[in-house]
Amino acid sequence: MRKPSIIQTRRKHSILKIMTTSQTSPLLLPKYLQEDDLSEECKKLLSVLPKEKGWIESNLYKYQGFWIESRILQGVISCQQQFQAQDSDIILVTNPKSGTTWLKSLLFALINRKKYPIFEQNHPLLVKNPHDLVPSLEFRLYADGHDPNLSSSTSPRLLSTHLPFTSLPNFVQDSRTKLVYLCRNPRDTFISMWHFANNLRLHHKDTTTIEEMFDFFCEGVVPFGPFWNHVLDYWKQSIEKPNKVLFLMYEEIKVQPKLQLKRLAEFLKCPFSIEEENQGVVDQILRMCSFENLSNLEVNKNGKSSSIGIEYKVFFRKGEIGDWKNYFTKEMSAKLNHIIEQKLEGSGLRFLYI
Ligand code: A3P
């Protein structure tokens with residue numbers, strides 16, 4: 001008989017802990033993690049997919065080579081079947097916890113800067129959360145399995161997804177739709193996920209430890225993971241099709257915000273004019289979308305997303321580079337270094353400023 005892996009053994013223990021310490025009501029889980037109310041098509045598919053215990057108290061299923069929660073799978077299937085890309089669409093793609101919220105705000109402010117002058121009273125970013133302004137295809141628009149009818153949305157449509165490149169709806173790959181990919185170093189991404197999961201778990205008493213979650217991460221069992229496949233596929237696309245895919249890094253935006261914002265504007269064919277630069281528009285956008293500004297807005301302190309059932313404040317924690325150093329043991333660090341070296345070998349991709 002095959003010896004159980006560390007993950008299987010640990011997972012068995014954590015499942016036992018959950019069963020004995022908490023009989024959690026699924027109603028307490030955020031809406032996007034609840035497993036009831038799924039379409040028959042989705043239930044049928046789930047019954048044949050490989051399954052693992054998820055990071056929070058729902059399961060992860062392996063679909064088209066990546067791991068995903070059941071409710072989100074329903075949104076994925078629906079958007080793969082129904083989403084019609086337009087050449088003018090701009091889609092932001094990220095691994096979860098890579099700075100999606102930040103880039104959504106930068107993207108929205110940049111594209112709409114003529115319509116909504118920066119810091120103008122009632123600027124949408126001052127009263128709404130970025131996830132409501134740049135909606136996710138699978139978490140929001142197609143989440144309930146219906147076609148949201150996006151044909152009347154104003155152009156360009158700003159959308160987002162966590163989908164791996166090979167699972168994007170066909171039309172996205174074939175059209176002139178622009179993809180903006182944001183990558184973050186895996187150490188901080190993991191720590192950010194750990195905190196995010198803990199926030200959602202607060203009410204559920206799941207006792208999964210950081211070491212257990214780290215093993216899941218290293219083995220690729222993470223929403224939309226393996227992390228490496230996700231990043232490397234978009235990295236390769238950005239080299240092969242530089243006019244279609246822009247590859248940005250969280251750390252580079254932190255270190256060189258002006259340069260990276262201007263790069264984004266040029267890629268999207270809306271570069272800053274000399275007048276705008278002289279008027280300080282680039283700095284204003286960066287200031288309005290800064291962690292300090294966004295995280296202190298009323299909507300982000302006390303608001304909650306009705307579509308996924310999560311308080312907006314959980315999307316704002318520290319917003320820093322290198323917080324992993326406060327959590328990683330020497331062993332974790334060595335293990336991840338080894339994996340990074342192996343996975344990135346020959347790709348030309350490097351994680352900077354860690
Ligand atoms: P930390 O947990 O490391 O603080 P996502 O939006 O993909 O869920 O990623 C969340 C991460 O982005 C969190 O990282 C969060 O604090 C950080 N973040 C959110 N808004 C930010 C901003 N305006 N500037 C920099 N980082 C931000």
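## A residue in helix H4

Leu-103 sits in helix H4. Helices here are DSSP runs of H or I with at least four residues, strands are runs of E with at least two, and both are numbered from the N terminus. The model is predicted: local features need pLDDT of at least 70, side-chain atom pairs count only at pLDDT 80 or more, and totals for chains, interfaces and linings use all residues. Residues are numbered from 1 along each chain as its sequence is written, and side-chain values use heavy atoms, with hydrogens and water left out.

Is Leu-103 buried or exposed? Leu-103 counts as buried because its relative accessibility is 1%. Buried means under 20% relative accessible area, exposed means over 50%, and partly exposed lies in between (1.4 Å probe, protein chains only).

Which residues does Leu-103 touch? Leaving out residues up to four places away in sequence, they are Leu-92, Val-180, Leu-182, Leu-248, Ile-253 and Leu-264. Contact means heavy atoms within 4.5 Å. Tyr-250 is 147 residues from Leu-103 along the chain, yet their C-alpha atoms are separated by 8.8 Å.

## The parallel sheet

Four strands make an open sheet in the order E5-E4-E6-E7, and the pairing is parallel. Strand E5 (158–161) and strand E7 (245–249) are the edges, each pairing on one side only. From one strand to the next, the twist averages 25°. Two strands count as paired if DSSP finds at least two bridges between them. In general, strands of a sheet pair through backbone hydrogen bonds, either parallel or antiparallel.

Take one pair. Strand E4 (residues 90–94) and E5 are joined in the parallel sense over four bridges. Ser-160 in E5 is the bridge partner of Leu-92. Ile-90 stands opposite Leu-158 in E5. Both faces of E5 are covered. Leu-158 and Ser-160 lie on one side, Leu-159 and Thr-161 on the other, and all are buried.

## Helices on the parallel sheet

Helix H4 (residues 100–111) packs on this sheet and touches E4, E5, strand E6 (178–183) and E7. The direction of H4 makes about 165° with that of E4. Axes are lines fitted to C-alpha atoms, for helices over the stretch in contact, and angles run from 0 to 180 degrees between N-to-C directions. Helix H13 (residues 257–267) lies across E6 and E7. H13 runs at about 170° to E7.

## The antiparallel sheet

A second open sheet has three strands in the order E1-E2-E3, with antiparallel pairing. Strand E1 (51–53) and E3 are the edge strands; each pairs on one side only. Neighbouring strands of this sheet are turned by 35° against each other on average, direction ignored. E1 and E2 run antiparallel and are joined by three bridges. Lys-53 stands opposite Asn-59 in E2.

Strand E2 (residues 59–63) pairs with E3 in the antiparallel sense over four bridges. Lys-62 has Trp-67 in E3 as its bridge partner. How many residues lie between E2 and E3 in their hairpin? There are two, and Gln-64 in the turn has a positive phi of about 50°. In strand E3 (residues 66–69), Phe-66 and Ile-68 point one way, while Trp-67 and Glu-69 point the other way. All four are buried.

## Helix H3 and Ser-78

Helix H3 (residues 70–82) lies across E2 and E3, at about 110° to E3. Ser-78 lies in H3. Ser-78 has a relative accessible area of 3%, so it is buried. Beyond its neighbours within four places in sequence, Ser-78 is in contact with Phe-83, Tyr-142, Gly-145 and His-146.

## The surface and the whole chain

Val-255, Leu-352 and Tyr-353 form a nonpolar surface patch with about 240 Å² of accessible area together. Leu-352 is in the segment after helix H18 (330–344). Leu-352 counts as partly exposed because its relative accessibility is 32%. Patches are made of residues with over 30% relative accessible area and no salt bridge; like charges are joined within 9 Å, nonpolar side chains (Val, Leu, Ile, Met, Phe, Trp, Tyr) within 5 Å. A salt bridge is a side-chain nitrogen of Lys or Arg within 4 Å of a carboxyl oxygen of Asp or Glu.

The chain has 18 helices and seven strands. Of its 354 residues, 56% are buried. The chain exposes about 16800 Å², and carbon and sulfur atoms supply 51% of that. Accessible areas come from the Shrake-Rupley method with a 1.4 Å probe; for residues, only the protein chains shown count as cover. Among contacts with a separation of 6 or more, 75% join residues 24 or more positions apart.
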